Amino acid sequence: MSKPAERKDSVWSIGEGAPEETEKRDDAQRSTLFVEKPQSGSVSVGGNITFIAKVEAKDLLRKPNVKWFKGKWMDLASKAGKHLQLKESFERHTKIHTFEMHIIQAKENYAGNYRCEVSYKDKFDSCSFDLEVTESSQAAPSIDIRSAFKRSGDGQDDAGELDFSGLLKRREVKQQEEEPEVDVWELLKNANPSEYEKIAFQYGITDLRGMLKRLKRMRREVKKSAAFAKGLDPAYQVDKGGKVRFMVELADPTVELKWYKNGQEIRPSAKYIFEHKGNQRILFINNCSMTDDARYYVTAGDEKCSTELFVRDPPILVTKGLEDTSTYVGERVELSCEVSEDDANVKWFKNGVELTNEPKSRYRIKVEGKKHTLIIEEAAKNDSATYSVMTTGGQSEAKLSVDLRPLKIQLALEDQTVRLGQEIHLKCEISENVEGKWYKNGQLVEASDRVKLYHKGRIHRFVIASAAVDDEAEYMFVPDAYNINIPCKVHVVDPPKLHLDGLGEGNTVTVVAGSKLRLEIPITGEPTPKVMWSKGDKWLTDSGRIRAETYSDSSCLVIDTAEREDSGPFRITLKNEAGEDTALINIKVVDVPDPPQAPNVTEVGEDWCVMTWEPPANDGGSPILGYFIERKKKQSSRWMRLNFELCKETTFEPKKMIEGVAYEVRVFAVNAIGISKPSMPSKSFVPLAVTSPPTLLAVDGVTDTSVTMKWRPPDHIGAAGLDGYVVEYCFEGNGFSQGISTDLSEELLEPPFNLEADEWIVANPELTDKTKFTINDLPTGSKILVRVKAVNAAGESEPRYHPQPILVKEVIEPPKIRLPRHLKQTYTRRVGETVNLVIPFQGRPRAKVSWQKNGSPIDKNDINIRNTENDTIIFIRKAERSHSGEYDMKVEVENLEDKATIDIQIVDRPGPPEVVTIEDVWGENVNLSWKPPKDDGNAAITGYTIQKADKKSMEWFTVMEHYHRTSATINELIIGNEYYFRIFAENMCGLSEDATMTKESALIAKDGKVYKYPVYDDFDFSERPLFTQPLVNTFAVAGYNATLNCSVRGNPKPKITWLKNKVVIMNDPKYRMFSNQGVCTLEIRKPSPYDGGTYSCRAVNELGEAEVDCKLEVKVIYHGVINPGEPFFLAGNNQLHSKDF
């Protein structure tokens, strides 16, 4: 692996980059991170090379960031692979980070400039280095550098720029090239970079960049070639039109040889001649032109040998030099010379500075064959200099002298007198076309929007379009470069003038009474005019309350305290020697308006009122712009502004007042001057509002001659309260239509027909405070429409209309008992509790209600019964067991009737068991038996409580509670003690008041006694299914879950199956089935009328089966068909009422 070698002459690694590379090298020397930088090196094609950079980590908290670049921007991290590897390592004992870049099997295009950058937080360091990739080549004798680099742009593939690195990269030169007669290298090395191009032109080097690249690679090691015994020279030169000879000597004469020019194979022709002499192979190129300036190489098998051919132009000689010339400013100047060749490259210089032939340049270069001319169209004084011309073979110089012509004044400036605002025009003419400057009172005048300066040929003009007073001065024109001036004087004349532009229409000035007026009138005139003020026949002086003050450019009319009497015209007069000017100025003194009269309140509402007022008698000299309104509570002294934008009208509607509170209002008038004093307050007023209409107007009853209406109070009554109601009606045929609404639940605020106000008949001349009223003395069979109004101190409310006509005829409504749901099953109460049952019903007219208990009339002294039109109440203040039984209710309307039965059960605590017997005693156990009590308290016995007591202490302790059987075994008794036992019976009301105690005691014998266990036969618990509680007919409401319950017993445990209309219910998500401790439940989720029918529960075991059934009826609830707000129920096509629930 090759190691990097120190780069020599690296500052000249690229032709024009010397200063930049020097700056990079200086920056690298000031490194703060690198302790070892990568060095430039070279490697042969196919070889390997490694570049190493080291960074000290003593002051770094973490690993620094390192990047490798080729050229300026190519990041090599993305190019890592087979030929490029990046490695890094860290030595802990030296604390050095090592970063390596390995280039494997280098290729020719790997050569170039590389850069390594390292950064850590705000620290940064960079280092550049070069890589050269070489290939073996024949050694060549030294060549003339100056001649070799004369290149032309007429070449083919390699025309333009010479890549001398490609020319020399395949050979290694051990010996230094011989210097030419003039060492251009030393000249370039010691010269300033800005002079490189000049030196190259001087010595005929047209490819400066290629020369600098070639000088970088002057030394190479020569590798011997197996195919070529002698190769081509590294470069050849020939004059234009000459002949050149290329010769190589082969080691093996049988090898096929091919010649190439810029990569294209050369074929024999009159221009290219091939010759063989033994092992020598020769190529002749005849009549060389600039297109033959190219790279040539010859191949023999897999090897090749290359060279460069440089075609040199002959030097250009100056055959006729420049001549010294003298001329005047503004003249055309031509400097000419002749050279030895047509259209040769010639450079012109002025005092050593090169002149270019650019379009905007003052200098124009003209070429006519061998003649070259420098042309200056209009010579100036600064064109005096030494001019020179330079070619590749010589130079010539001459001096140009430019002088001024003598100046004569053809037309002098004249003094002028102009009026203010007129044009000032100064004009002069001189003998030469030169620039000049204008002066005013010795100060330089520059051109501006107001001052125009013109110069055309020999004529100069000064123009001011509109003369001003300060334009009066002494003016002077001075030509450039001449010690001469042309003076004149300008005099401006201005008659007096008043400037009243700032005043209003008709020169009217308005002032507020009591304030100070200072009216300033601008005046002009030259000389300053005399000012006089007057009002009527009186002249104003410069003192007093009304006075005049005069200044150089204005005059002021001053009124210290303006009064209404000061209104009127004032005259101002200006006089001077140039003329006179006068004007009338109207002074108008204005004030705030007078207060308006006290406002009137014309209308009041719930929280508002309407107020009006008259405009003030005097508007203060300025039109009324609007009004401000204020209000306050009568008992308060604080006024509140009601409008923040002016009210333009003389009426206003205050809002957001408190109903029932007394208020006062007042008004302010406003004009442009200000706000008037307030008006007198209005008379006090109280906001009140009528109530909202009554609600829920409905028919309560109809007979053959009367209609009873009922309603609800208004939703909003207000502070005025409610005095009562007015009921009005009218008969059919008075203007209303038959096609009206039939929606009974609809409340109307507007009548569904057209009626005049006098067609309504007041049913109650005096207000009624009830929400129910009967309209009497109506013709049977007529139809009426009814409306109701609420009345308070503010008046009548909007009426509430009944939605449809009412037929005056009593309607028979069939009786229907609406039995509550909880009364459809047995109604149970304890002894001493109160029984209060309300059973609603319907039926008209005059429904008759009767009650019976167990088929006999009810004793009204024992049970209280109260009947109304819509319900009946049965009341028992203190229930006794004798009140239990079946109560039959019957509702009759004429020949129609409806019945319902209520089962009432009054329960009490049971009596004690009848006899308690000690059946057996053994060990620590006692077996007891007893009989159920004779009195069960009118409720089923739910269990027994057993207690024991030691004979010695007779303290009772409970040993069993809620025990269901009539025999029990008491365990864990104390041996040697003697016990008594007693038992309480229990039902839903609680334990019996007394207990039955054993007559005998049970002695628990001590150890030593052997107890003989009795022999019992096994009891057979097998039993076929038996329903202990059957299913009950049930009503359900659509949309609400319903349940069917029953209880069954049997051993073995029976299998339960549910059926609907004798069809087994299976896998239907609408039904849920439960069975717990013998209680069977069927839950129907949100039933509909289609779920009604006969439901059965079947229990089956190996001993038999049992089945019970019931009927389920599902009802749908609707509202408001018979009576508004009253529910009724539909099941199928039959009407059912809520009493069925």
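Which residues of strand 42 are buried on one side, and which on the other? In this predicted model, Ser 554, Cys 556 and Val 558 cover one side, while Ser 555, Leu 557 and Ile 559 lie on the other, and all of them are buried.

The neighbours of strand 42 come next. Strand 38, made of residues 517–526, pairs with strand 42 in the antiparallel sense over 6 bridges. Within this pairing, Leu 519 has Leu 557 as its bridge partner, and Leu 557 is one of the buried residues named above. Strand 41, covering residues 546–550, also pairs with strand 42 in the antiparallel sense, here over 5 bridges. In that case Arg 547 stands opposite Val 558. The link from strand 41 to strand 42 is a hairpin of 3 residues.

Stepping back, the whole protein can be described in a few numbers. Its secondary structure comprises 6 helices and 88 strands. The protein has 1141 residues, of which 41% count as buried. Among contacts with a separation of 6 or more, 65% join residues 24 or more positions apart.

A pair of aromatic rings is described by the distance of the centres and the angle of the planes. The structure holds 21 aromatic pairs. In one of them, the ring centres of Phe 246 and Trp 259 are 6.5 Å apart and the planes meet at 20°, so the pair is stacked; the cut-off for stacking is an angle under 30 degrees. Phe 246 belongs to strand 12 (residues 244–250) and Trp 259 to strand 13 (residues 257–261), so the pair ties together parts that are 13 residues apart in sequence. Both Phe 246 and Trp 259 are buried. Elsewhere, ring pairs join Phe 51, Trp 68, Tyr 114 and Phe 129 into a cluster.

Rings also meet charged groups. The charged end of Arg 666 sits over the ring of Trp 639, at 4.1 Å from the ring centre. Arg 362 is placed over the face of Tyr 363, with 5.9 Å to the centre of the ring.

Definitions and conventions:
Residues are numbered from 1 along each chain as its sequence is written. This is a predicted model: local features need pLDDT of at least 70, side-chain atom pairs count only at pLDDT 80 or more; totals for chains, interfaces and linings use all residues. Side-chain values use heavy atoms; hydrogens and water are left out. Helices (H or I, at least four residues) and strands (E, at least two) are DSSP runs, numbered from the N terminus. Buried means under 20% relative accessible area, exposed over 50%, partly exposed in between (1.4 Å probe, protein chains only). Contact means heavy atoms within 4.5 Å. Rings of Phe, Tyr and Trp (its six-membered ring) pair if their centres lie within 6.5 Å; planes under 30 degrees apart count as stacked, over 60 as edge-to-face and the rest as tilted. A charge sits over a ring if NZ of Lys or CZ of Arg is within 6 Å of the ring centre and within 35 degrees of the ring normal. Two strands pair if DSSP finds at least two bridges between them.
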